[in-house]
Amino acid sequence: MLGAIGKVFSSPRSALLKANPWLGADADEVARVLTLPAADPAAKVAAARCAATVARLRAGVEAWNEWAHTMLLLCSHFARDPAALRLWAYLAATDLTGPPATPSSDAFAGLIFPGAADFTKARFADTAWFSACVFAGDAAFADAQFGRGANFERAEFKGAANFAGAVFGRSAEFRKAQFRAPATFKAARFAKDAWFRGSHFAAALDMSGATFGGEAGFGDIRYDALTSFAKVKFADNAGFEAAVFKDVVRFDDARFERNARFEQARFEREPSFDRARFLGKTFFQGIAVPEGSAHFHKAIADLQRRLG
């Protein structure tokens, strides 16, 4: 049933086109092209989609989310029609790749992104506000540049979140963010403080090779799957207090240049700190590790004796 939409439109497809009027006379041609799995519409159609995205953003959160709710409602009606679903996915996507990011960086807070959101290599001159956003599809911020930092507090990532190679010129706020699918911050650079406290990683997390110039707040987080902080450089305090690691976490070759805090952290599988370097004080009081982790306990005891 189409519910309220069905009272106005004769079919889900007509409702889809009504929700995306920018497609206009190209609708039939785009639908025909998308019957082929690997096909992409013409460049002029992609440009029109981008222009429509920017116009919708400038109309404000209420207008954007009304469109987003309509798109999410329609999605289920195309589940058994692959070609129609590809058309929906194309229309539901947000593609603002490359520099510069327009419109202004404060236009995104509270938005619902019904399809894939692609900000690959986007440049944000001001603080990028994505607080309380819902990313229903994959979110790509690979190699994005957040010149004045970014705020993703309370954001929800239902699809994969890709921040590989992203650069945060100032603070990065991810407090209480929800990551439902795999997330990667591989080789990301955080020039200042990065706060993830109170977040939840329900799937694999890859932070390998990231660098943190300021405070790194990863405490009070539940990590449900494989997690990697391998080769991470913590130039300032690194906090993992009261974190819960349900699966293996690796700190292999990580470098802690100041305080490393793990008080009350719980490791349900033995963690790996192979070749990790601790140049400041370490705090492992009250940690919980699985039975049979004598090697890990000995390594921590030796470390604390050495560092004092």
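Good morning. I begin at Gly 60, a residue that comes after helix H3 and has a positive phi, near 105°. Helices here are DSSP runs of H or I with at least four residues, strands are runs of E with at least two, and both are numbered from the N terminus.

Before I continue, please note that this is a predicted model, in which local features need pLDDT of at least 70 and side-chain atom pairs count only at pLDDT 80 or more, while totals for chains, interfaces and linings use all residues. Residues are numbered from 1 along each chain as its sequence is written, and side-chain values use heavy atoms, with hydrogens and water left out.

Let us first take the chain as a whole. The protein chain has 6 helices and 32 strands. Of its 308 residues, 47% count as buried, where buried means under 20% relative accessible area, exposed means over 50%, and partly exposed lies in between, with a 1.4 Å probe and protein chains only. A contact means heavy atoms within 4.5 Å. Among contacts in the protein chain with a separation of 6 or more, 22% join residues 24 or more positions apart.

I return now to H3. Which residues of H3 are buried? They are Val 45, Arg 49, Ala 52, Thr 53, Val 54, Arg 56 and Leu 57. Their cover includes helix H2 (27-33), helix H4 (61-75), helix H5 (82-92) and strand E1 (94-95).

Helix H4 deserves attention next. The axes of H4 and H5 come within 11 Å and cross at roughly 165°. H4 is therefore roughly antiparallel to H5. Axes are lines fitted to C-alpha atoms, for helices over the stretch in contact, and angles run from 0 to 180 degrees between N-to-C directions. Angles under 35 degrees count as roughly parallel, over 145 as roughly antiparallel, 65 to 115 as roughly perpendicular, and the rest as oblique. On the H4 side, Trp 67, Met 71, Leu 74 and Cys 75 meet Leu 85, Trp 88, Leu 91 and Ala 92 of H5. By class, this contact of H4 with H5 has 8 nonpolar, no polar and no charged residues. Nonpolar covers Ala, Val, Leu, Ile, Met, Phe, Trp, Tyr, Cys and Pro; charged covers Asp, Glu, Lys and Arg; the others, Gly among them, are polar.

Helix H1 (residues 12-19) also packs with H4, at an angle of about 160° and with the axes 10 Å apart. H1 and H4 are therefore roughly antiparallel to each other. Pro 12, Ala 15, Leu 16 and Ala 19 of H1 make the contact with Trp 67, Thr 70, Met 71 and Leu 74 of H4. By class, the contact of H1 with H4 has 7 nonpolar, 1 polar and no charged residues.

One further residue of H4 is Asn 65. Is Asn 65 buried or exposed? Asn 65 is buried, because its relative accessible area is 13%. Leaving out residues up to four places away in sequence, Asn 65 touches Gly 110, Leu 111 and Ile 112.

Phe 135 counts as buried, at 0% relative accessibility. Not counting residues up to four places away in sequence, Phe 135 touches several residues, including Phe 113, Phe 130, Phe 141 and Glu 156. Ala 161 is 26 residues from Phe 135 along the chain, and their C-alpha atoms are separated by 8.9 Å. Thank you.
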